[in-house]
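Here is a short report on a predicted model. Look at the chains and the DNA strands before you read on.

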There are 2 protein chains.
Amino acid sequence: MRVVDRERVATVTGAMPADDDIAGLADIFGLLADAGRLRVLVALLEGEMCVCDLAAVARTSESAVSHHLRLLRAHRVVRVRRSGRMAYYRLADAHVRLLLDVALTHIGHAPAASHPELGDGDEPG
Amino acid sequence: MRVVDRERVATVTGAMPADDDIAGLADIFGLLADAGRLRVLVALLEGEMCVCDLAAVARTSESAVSHHLRLLRAHRVVRVRRSGRMAYYRLADAHVRLLLDVALTHIGHAPAASHPELGDGDEPG
DNA sequence: TCGACGTATGAGCAGTCGTTCAGATGTCGT
DNA sequence: ACGACATCTGAACGACTGCTCATACGTCGA
């Protein structure tokens, strides 16, 4: 593993966040990396919702949504409010909300991701 | 799959981005959901770097980084500049750059993700 | 031309992820 | 008490991911 610009590597490595921070970030991004979960979170952007309605919006089974919500709950991304046999979830993480806002704002910026052909990736000219 | 608040479901579903957009977003987030890849991208925030230096910063094998870069290249997230036998990569996606900026800015906001015990997730009080 | 080098790539494997299915818990209406 | 209901949970399975290893490609120096 040879290094070309040793000084630069040292600088960038020094500016790199701690391992735990990087792992935490990757974790958060991982939560957003599933279409079903993303739909659930986008739905929650507009306010709290119960599991069955979230399932309807995300077009998955209630069981699947429940599993997703469990994950999100464990990461303190959503929070529950229970009322009788219903469970109303809402976004509880401003960080994630901001990430979602930014992401949604920039939708449609580059359709390239629709055709990841694993080719060169360079521009022709 | 019963719906409780049918009107709300209709509203939220209507405001939901198209399937392709959601899938694309989840895709992008997926690219950021790996610690090694995240390190590579954070390193590239500060300017272009060659593969071997990237590997040093990300503390992985050059092969692993090369695979990562191929993925990122396919999604137009990075771009290569070739000079002799060297390949210099740089961030080529403003959207992703912004996402990274936002993420890095908010690091350390909630250490909860470090201990995802999959428990209740509710606050004790 | 030859070997060293930086990078790229494919195959294969281990680990992870998301789903479904079956079943459990607690709640409501009668 | 009973059944219908909303949600939660664990097991199991198929799909996907990221790694390593071996190898190939183009470039440089001698």
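The model is predicted, so local features need pLDDT of at least 70 and side-chain atom pairs count only at pLDDT 80 or more, while totals for chains, interfaces and linings use all residues. Residues are numbered from 1 along each chain as its sequence is written, and chains are lettered from A and ligands numbered from 1 in the order in which they are written.

**Chain A**

Chain A holds six helices and three strands. Helices (H or I, at least four residues) and strands (E, at least two) are DSSP runs, numbered from the N terminus. Along the sequence, the pattern of chain A is α-α-α-β-α-α-β-β-α.

Chain A has 125 residues, and 36% of them count as buried. A residue is buried if 20 or more other C-beta atoms lie within 10 Å of its own, exposed if 12 or fewer, and partly exposed in between; the C-beta atoms are placed from the backbone.

Contacts tell another part of the story. Two residues are in contact if their C-beta atoms, placed from the backbone, lie within 7 Å. Take the contacts in chain A with a separation of 6 or more: 45% of them join residues 24 or more positions apart.

**Helix α4 of chain A**

Why is α4(A) largely enclosed by the rest of the structure? Seven of its eight residues are buried, so the rest of the structure largely encloses α4(A). The buried residues are V51(A), D53(A), L54(A), A55(A), A56(A), V57(A) and A58(A). Their cover includes α3 (35-44), β1 (49-50), α5 and β3 of chain A, together with α1 of chain B. After α4(A) comes R59(A), which has a positive phi, near 55°.

**Two helix pairs**

Two packed helices are described by the angle between their axes and the distance between the axes. Axes are lines fitted to C-alpha atoms, for helices over the stretch in contact, and angles run from 0 to 180 degrees between N-to-C directions.

The axes of α3(A) and α4(A) cross at roughly 120° and come within 9 Å. These two helices are therefore oblique to each other. Angles under 35 degrees count as roughly parallel, over 145 as roughly antiparallel, 65 to 115 as roughly perpendicular and the rest as oblique. In this contact, G36(A), R39(A), V40(A) and A43(A) of α3(A) meet L54(A), V57(A) and A58(A) of α4(A). By class, the contact of α3(A) with α4(A) has five nonpolar, one polar and one charged residues. Ala, Val, Leu, Ile, Met, Phe, Trp, Tyr, Cys and Pro count as nonpolar, Asp, Glu, Lys and Arg as charged, and the others, Gly among them, as polar.

The second pair joins two chains. Helix α2 (residues 19-31) of chain A packs with α3(B) at an angle of about 110°, and their axes are 9 Å apart. That makes α2(A) roughly perpendicular to α3(B). The contact uses I22(A), A23(A), L25(A) and A26(A) of α2(A), with A35(B), L38(B) and R39(B) of α3(B). It has six nonpolar residues, no polar ones and one charged.

**Where the chains meet**

In chain B, 65 residues are in contact with 66 residues of chain A. Which element of chain B gives the most to this side? It is α2(B), with eleven residues. The side of chain B that touches chain A has 38 nonpolar, ten polar and 17 charged residues.

A33(A) lies in the loop between α2 and α3 of chain A. This residue is buried, with 20 other C-beta atoms within 10 Å. Not counting residues up to four places away in sequence, A33(A) touches A26(B), F29(B), G30(B) and A33(B).

**Around the DNA**

A residue is near a strand if its C-beta atom, placed from the backbone, lies within 6 Å of it.

DNA strand C has 25 residues around it, and D34(A), G36(A), G84(A), C50(B) and C52(B) come nearest. The largest share of this surface, six residues, comes from α5(B).

DNA strand D is surrounded by 25 residues, the closest being C50(A), V51(A), C52(A), S61(B) and G84(B). Here α5(A) gives the most, with six residues.
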